[in-house]
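Reader: Hi! Could you walk me through this model?
Author: Happy to, here it is.

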Amino acid sequence: MNDDELMIIALEEARAALYHGDVPVGAVVVMNGEVVARRHNEREKLGDPTAHAETLALRDAAAAVGSSRLDGATLVSTLEPCPMCAGAAWLARVERVVFGAGDLKAGALGSLYNLGADPRLNHEFEVTPRVRETECAELLVNFFAAKR
């Protein structure tokens, strides 16, 4: 599957978050061309501030492969990962992160910080931004507009 097709899956996950009032962010983890995990935000549902789509997907992927190291994995998210999620990707040793909408308020893969390419850290990963950016951003804009 290519990045566009994977983002469509992540968008499906993001829409699922709407059913329980969570911010619509979805994430997918791919290894060896196969989706090993797919999740959406569940902060409100679980009452857990760490239940971001990316961290949940990385946890599921680690369980699926039986290792905390996800060497060669790609994490696909509808929103640029925050510092916690970018840190989780770094700790999991993913090879690449793909995201849709940038996040000027909390983005940690280019907007505010760049944890994927910080030479002070012991692992760097490739970042592919703006895949289906308009669709990802519209989902978030519509969610927050409805809240107001």
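Reader: Is F144 buried, partly exposed or exposed?
Author: F144 is partly exposed, at a relative accessible area of 33%. Buried means under 20%, exposed over 50%, and partly exposed in between (1.4 Å probe, protein chains only). A word on the basis: this is a predicted model, where local features need pLDDT of at least 70 and side-chain atom pairs count only at pLDDT 80 or more, while totals for chains, interfaces and linings use all residues. Residues are numbered from 1 along each chain as its sequence is written, and side-chain values use heavy atoms, leaving out hydrogens and water.

Reader: Thanks! And what about F143, buried or exposed?
Author: F143 is buried, with 11% relative accessible area.

Reader: How many aromatic pairs does the structure hold?
Author: One. F143 and F144 form this edge-to-face pair, 5.0 Å centre to centre with 80° between the planes. Rings of Phe, Tyr and Trp (its six-membered ring) pair with centres within 6.5 Å; planes under 30 degrees apart are stacked, over 60 edge-to-face, the rest tilted.

Reader: Switching topic, what order do the strands of the sheet take?
Author: The order is 2-1-3-4-5, in an open sheet of five strands with mixed pairing. Strands are DSSP runs of E, at least two residues, numbered from the N terminus, and two of them pair if DSSP finds at least two bridges between them.

Reader: Which strands stand at the edges?
Author: Strand 2 (34–40) and strand 5 (126–128); each has a single partner strand, so one side of each lacks a neighbour in the sheet.

Reader: How do strand 1 and strand 2 pair?
Author: Strand 1 (residues 26–31) pairs with strand 2 in the antiparallel sense, over six bridges. V35 in strand 2 is the bridge partner of V30.

Methods: Helix = DSSP H or I, 4+ residues; strand = E, 2+ residues; numbered from the N terminus.
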